[in-house]
Amino acid sequence: MRNILLASTLFVAAMSPFSAALAQDAAMPAPAAAAAPTPGALLTPERVFANPSLAGPVARGVSLSPDGELVAFLRSREDDVDVQDLWAAPTGEGEPFKLIDARALVPDAGELSEAEKARRERMRISARGVVEYSWDEQGRYILAPLEGDIFLAEREGGNVRRLTETEADEIDAKVSPEGNFVSWVRDQDLVVYDLATNRETAITDEGEGLITWATAEFIAQEELDRDTGYWWSPNERYIALQRTDESTVDIIPRLDITGGGAATVEQRYPRAGRPNAVVELYVHDRERGRRVKVDLGDNADIYLGRVNWSTDGATLYVQRLSRDQKTLDLLSVDPATGVSRVILTQRSDAWVPLTHDFKALKDGNFIWSTEETGWRHLYLYDRDGEMIRPITYGPWAVKGLNGVNQDTGEVFFTASFEYAERPEGVTGGHSLCVFPGDRRAMCDVQGEEPTTQRLWRGSMNETASRFTPVTPGGGWWSASMNGPGTAFVGNYSDLNTPPQSGLYRADGTLIRWIEENRLDESHPYHPYASRRGEVTYGTLESHGETLVWQMTTPPGFDPSQTYPVVMQVYGGPSGGGVRRSWQSSTNQLLTEAGYIVFRLDNRGEGDRSAAFKQALHLKMGQPEIEDQVLGANYLRTLPFVDDSRIAMMGWSYGGFMSLMAITEPDMGLASAISGAPPTEWGLYDTAYTERYMSTPEANREGYAASDVIPRLPNMTGRLLLMHGMADDNVIFENTTRVLNALQEGSIPFETMLYPGQRHGIRGNPRQLHQWRTYLDFLDRTIGSRAPASELAGQN
């Protein structure tokens, strides 16, 4: 269950006598933005869901060419924010230019295949046009799948070649490392295209029915953050590829209901405690024209977690995760024979997290992360899996390995912690830190700062810890290094800075902007900026853990008055939502309507210590709600909060949290909005659910406690329940069972269903409908049309 954030795609409101007129308006296309609004203008749903985007010119999917001379990125079209083109910019002098114009190459985008729709849903891709691309390792080509066909942009001259024009979709296309071939999956088989001869070769030909080659299975895509099923060796001799047999997976019939009718889909969906697909791994040898099966062990009921090659292509590294996810083995595989051996094992009494922190080095060593100390840290290992030394350590968690400069030994990583310089004369344990300007000093970890994130630099060549902040603190940074570790693309935002991206040297020096996205008078958001609510942050203590929260007050906030509160929630295992970063325009829609917006990251949420994350082990919906009750009780201590008018809203896991909260008497919610909620974890998939809850047979008590049905008679306020009617992730049955129970109990509620929509609601017109009617629901339950005196006994 990849996190769906509380941004512009989440919430809808119900049909009611009060909202009928709004719903009729919402059936119309989203209107264009009003011309030249003046500063101080009121932000409306109509403007939020219109072109151009209020986010401004945001670059997505930014990457450097292997030689570091060109930056490529995706940019939404000004005339349609849902369609992306591929742009490029030189890293030196010169302006950005459009490399692939999606509408020029494919003017009339057709319907995607069901397989590609499902794959994009797993990857949370909602745009059309160019949605992904890749370089070859020489930087000669950029490969871009576009509306089911494959296009290749040549660096020299800028020509764009169309490689396919077929009825079938070509998916997961890649340029081979040395740039001699292009590969893709078509009709469940792997195809390799020779760029010199323009000839295709089918690597497999057995893909049909329930057998698929070279494609990540549903579970890998949705829950293991692995979107591919094949991997080229650096020298192009070998291709590792998976074979998936879904015949073991239960069929869960679901209705795919659209505005034009309904179809029954016989979906292979592995529910908790039930069989998974059988996944095997093979290596195809291009020189010999044959493939061998990789030995993944005697137990076939495992997860294929990650696959990586050594830099010389002589060794294949495979991460094998046990079904209960408490053991993660690293296998070293001979690609010529498929023979494997376990060289390293990670274990946990709860679960071992999969990461993308594995990095093979030129000298045969590798870097990998583990949480064996209780915090995620990076370690250097030799080729046999023996640890050479820790690279990072301390009471804080590495968020991700961003790059390595193998010539200097520098290791770049993102983390949320701060250092305080140790006062002179104070002795005891310490770290050696390097501050900007290469000034060295003894210092201590000041503590975790979960609301901020920055890029840091350490060393894999020294045992003593030397951590240098590469980027400034105070906001939220993400970074993508080039291969040599000499430059990176940095993405940054804070409360006053919209998302911007730039190209930086490894020391943090800005080379050039990619999209500066300056909030000046020409920015589409500028007219509305002065009405942003004030954002404050704080902490609460729960069971020895520090929880972070953020609160946004309405424009013109008067602390002598009282205000209703909307508690935004996700609550499940994720990166956390409380950040000192640019706030979404939909957040401002709530403050413009007069609501205080409050968000608390409960235990289990956020990339923090293992103990913080594992608090919900075997009992999802219990510690999270306990922490949210703590948050609600804190709100009630504030003199400007109307404690009888508090609502909660959430989607996906947040929808589950909203249902659990509205049925928790100690929360005392006046209303709740629950979108696409898992309502009984036995209905959800294996990898996600069993990671945190074990199986229904082994944890009957935990599953029973998290079932919302027995809790429904305890509802404390009004409920709005919503779901996409083609959801293939959280199956619609999760909601229909609640609808049925509420009706059988004669408990009033409201609902809104979205034909043709999957786990998220897509497109400006539908999102405008969501927010028009959503705001109306809040208005009727905690807003201006919901006097506190009328809230009691409304059920």
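Welcome to this predicted model. For the protein chain as a whole, the average pLDDT is 88, and 88% of the residues score at least 70.

**A cis peptide bond**
- The peptide bond that runs from N51 to P52 is cis, and its omega is near -5°.
- To find P52, look in the loop between α2 (45-48) and β1 (60-64).

**Positive phi in a strand: D172**
- D172 is not a glycine, yet its phi is positive, at about 50°.
- Strand β10, which covers residues 170-175, is where D172 is found.
- D172 has a relative accessible area of 9%, so D172 counts as buried, the cut-off for buried being under 20%.

**Positive phi in a loop: S746**
- S746, a residue other than glycine, has a positive phi near 55°.
- The loop that holds S746 lies between α12 (733-744) and β47 (750-754).
- S746 counts as exposed because its relative accessible area is 65%, and the cut-off for exposed is over 50%.

Conventions. Residues numbered from 1 in each chain as written. Predicted model: local features only at pLDDT ≥ 70, side-chain atom pairs only at ≥ 80, totals over all residues. Heavy atoms only, no water. pLDDT = per-residue confidence, 0-100. Helix = DSSP H or I, 4+ residues; strand = E, 2+ residues; numbered from the N terminus. Buried < 20%, exposed > 50% of the residue type's maximum accessible area, 1.4 Å probe, protein only.
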